[in-house]
Amino acid sequence: MSQALLVVDAQVNMFVPPWPVYDAETFLNRLLALLAYARATGMPVFFVQNNGGAGEPDVPGTPGWQLDPRLARQPDEPVVQKQSGNAFGGTNLADLLAAHNVDSVIICGFQSEWCINATVRGAVELGYPVTLVSDGHSTLDLETPALEQIETINAALGSIATLATADSILNP
């Protein structure tokens, strides 16, 4: 059995105006380092892509919906399409993980209070040990400042998942 990296909703719309996520470029570099590590060590990588509804910036087929091309998704890295926050809800993600003999997951991506929160909880409900990259998820800076939301999610999920910084994963 093995561990996999789940990259949640790292789509173009998260990195460009008018709504780039908090600290987008730093986050992108961290995500690229996690991907390089996973690929170099043979860890399976799975991308999750949100399919937004009419009027949202991630409507399927639109430029904002595309996975960010800087992530350079490899042909053997599956993309799971989702309609809700939980990447396991109504998708084939659990089946794909089983087919790759994955028994635990490292989760990073967007948005902290929505899809990261729901996906971590969904993975735990299915019995997966989860490592949440505590500095590897971000969100929009809106009514509640993004950094505050990130810290709140880390505190809430720390009781059900292992929190680890990207550096501690990259330099075990």
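Asp9 lies in the loop between S1 and H1, where helices (H or I, at least four residues) and strands (E, at least two) are DSSP runs numbered from the N terminus. The model is predicted, so that local features need pLDDT of at least 70 and side-chain atom pairs count only at pLDDT 80 or more, while totals for chains, interfaces and linings use all residues. Residues are numbered from 1 along each chain as its sequence is written, and side-chain values use heavy atoms, with hydrogens and water left out.

Although Asp9 is not a glycine, its phi is positive, at about 55°. The loop between strand S1 (2-8) and helix H1 (24-41) also holds Pro18. Pro17 and Pro18 are joined by a cis peptide bond with an omega of about 10°. Most residues other than glycine have a negative phi, and most peptide bonds are trans.

Helix H3 (residues 112-125) and helix H4 (residues 146-157) have axes that come within 10 Å and cross at roughly 15°; axes are lines fitted to C-alpha atoms, for helices over the stretch in contact, and angles run from 0 to 180 degrees between N-to-C directions. H3 is therefore roughly parallel to H4, a term for angles under 35 degrees. On the H3 side, Ser112, Glu113, Ile116, Asn117, Val120 and Arg121 meet Gln149, Ile150, Ile153, Ala156 and Leu157 of H4, contact meaning heavy atoms within 4.5 Å. The residues of this contact comprise six nonpolar, three polar and two charged (Ala, Val, Leu, Ile, Met, Phe, Trp, Tyr, Cys and Pro count as nonpolar, Asp, Glu, Lys and Arg as charged, and the others, Gly among them, as polar).

Leu126 is placed in the loop between H3 and strand S5 (130-138). Leaving aside neighbours within four places in sequence, Leu126 is in contact with Phe88 and Ala94. The C-alpha atoms of Leu126 and Ala10 are 23 Å apart in space, and the two residues are 116 residues apart in sequence.

Terms used:
Parallel < 35°, antiparallel > 145°, perpendicular 65-115°, else oblique.
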